[in-house]
Amino acid sequence: MPVSSPPSSQGASSTSDSSAAGSSPISRLNNIASHIAPKMASTTNFPSDVVPQAPEDPLFGLMAAFRADESPDKVDLGIGAYRDDNAKPWILPVVKKADEILRNDPDLNHEYAPIAGIQSFTSKAAELMLGADSPALKEKRSASIQTISGTGAVHLGALFLAKFFKGNRTVYVSNPTWANHHQIFSNVGIPTKQYPYFDKKTKGLDFEGMKNAIKDAPERSIILLHPCAHNPTGVDPTLDQWKELAEVIRSKNHFPFFDSAYQGFASGNLARDAASVRYFVEQGFELLIAQSFAKNFGLYGERAGCFHAVTAPGPDAQTTISRIASQLAILQRSEISNPPLYGARIVSLVLNDAKLFAEWEDNLTTMSGRIMDMRNSLRAKLEELGTPGTWNHITDQIGMFSFTGLTEEQVMRLRKESHIYMTKNGRISMAGLNTKNIDYFAKAVHAVVSSS
């Protein structure tokens with residue numbers, strides 16, 4: 001008969017064996033993980049020298065700083081969106097009506113839009129930009145694609161040019177221009193160069209500098225143009241100056257690309273704000289147009305936009321535009337597949353109904369009129385205070401933005417001393433001014449300019 005081990009010894013051995021059997025796999029895994037983890041943590045395909053930390057977007061950083069400011073006197077002049085006299089977002093009354101019609105439509109669904117967008121929207125968007133009697137429309141040498149607002153339209157155009165344009169693969173933009181223009185084109189491999197635009201001495205247009213730079217650009221360059229309410233300066237060429245520019249652009253066989261974000265919002269007159277585009281089309285230019293409905297419909301977050309391609313007149317114009325449209329559809333399909341519905345449906349309802357369209361024009365007059373009132377009031381108050389310098393540029397400029405001429409030092413003083421927020425280059429959104437804060441702003445500007 002075998003001799004048994006002592007109970008205490010047997011118990012200790014059993015406990016040890018049980019522990020080893022139960023914890024050993026976990027211990028081994030933990031041990032392996034502890035050796036692997038440091039190596040895994042330091043291994044990435046995107047180290048800082050390859051993917052550096054990007055700087056914060058200046059405008060969104062400005063918005064964040066404004067929101068964090070607890071002063072009851074703070075003034076936001078950076079936001080590129082319309083505000084009413086109470087500094088509140090304004091839903092256009094006609095948009096409310098169109099929204100009500102949509103919500104009560106028993107046949108409304110959420111199926112995909114066609115790749116090129118809602119035809120009732122794109123066709124009327126083209127008429128709005130080109131004019132219902134446009135030769136491009138009559139001769140069927142234009143194509144329209146619904147996009148994700150104006151930004152998406154600029155991008156689609158840039159992508160098309162990157163793939164198919166065989167001229168000088170450089171786009172010339174105004175100095176300054178909407179900052180996103182540089183990024184959009186560089187993202188598709190098209191470099192940007194600048195032509196003179198804003199004259200800091202006169203706070204107006206450097207027309208001769210602009211014209212000469214475009215004339216000196218290599219033949220068949222891409223020239224990006226703002227049809228109205230230039231962003232960020234609020235300075236526009238006159239129609240006669242546009243005609244001169246057309247002559248220069250034609251003489252060098254340049255390719256015009258219009259970015260229209262403020263039609264109807266600038267002057268309150270839809271035809272006047274599209275006059276430059278319509279003139280170029282009438283002169284037989286082949287061109288591209290990016291069109292946004294963010295500002296003039298107040299549909300900022302709905303991203304309703306349209307892209308238009310227009311070919312030059314000729315026997316093969318319809319065949320040419322058909323080929324262009326087919327390639328645009330492929331580019332659209334590979335990027336967003338189908339455009340969003342809501343904003344385009346709102347715009348389509350308004351553009352296709354005479355009564356709603358007339359009401360929309362009244363809404364545009366309300367918005368543009370309030371902006372003009374603020375311009376007139378600000379200039380008058382600064383001149384009444386005897387603020388050093390001339391201030392006629394405030395009323396000479398047009399649209400949402402104004403280049404005040406304030407220096408970066410003055411801008412930062414206004415932020416620190418008066419809680420007034422604007423971009424460092426002195427650009428202000430006129431929509432941020434109202435009857436309740438304009439005196440405060442004018443006095444603050446007077447103080448910093450007088451003591452600079």
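User: How many nonpolar residues does the lining of the second largest pocket have?
Analyst: This is a predicted model, in which local features need pLDDT of at least 70, side-chain atom pairs count only at pLDDT 80 or more, and totals for chains, interfaces and linings use all residues. Residues are numbered from 1 along each chain as its sequence is written, and side-chain values use heavy atoms, with hydrogens and water left out. Ala, Val, Leu, Ile, Met, Phe, Trp, Tyr, Cys and Pro count as nonpolar, Asp, Glu, Lys and Arg as charged, and the others, Gly among them, as polar. Beside five polar and five charged residues, the number of nonpolar residues in this lining is twelve.

User: What volume does the second largest pocket have?
Analyst: A pocket is an open set of points on a 1 Å grid over the protein atoms alone where a 1.4 Å probe fits, with protein on both sides within 12 Å along at least five of seven lines; lining residues have an atom within 4 Å of a point. Grid points are joined across faces, edges and corners, and the volume is the space filled by probe spheres set on them. For the second largest pocket, this comes to about 460 Å³.

User: Which element gives the most to the lining of the largest pocket?
Analyst: Helices (H or I, at least four residues) and strands (E, at least two) are DSSP runs, numbered from the N terminus. The largest pocket holds about 1400 Å³ of space. Of the 45 residues that line this pocket, the closest to its centre include L59, F60 and W178. With eight lining residues, the element that gives the most is helix 2.

User: Which side chain of opposite charge is nearest to R345?
Analyst: R345 lies in helix 14 and touches L102, L108, N109 and I118, not counting residues up to four places away in sequence (contact means heavy atoms within 4.5 Å). R345 is buried yet has no salt bridge; buried means under 20% relative accessible area, exposed over 50%, partly exposed in between (1.4 Å probe, protein chains only). A salt bridge needs a side-chain nitrogen of Lys or Arg within 4 Å of a carboxyl oxygen of Asp or Glu. At 7.3 Å from R345, the nearest side chain of opposite charge is D105.

Definitions and conventions: Lys, Arg positive; Asp, Glu negative; His and termini not counted.
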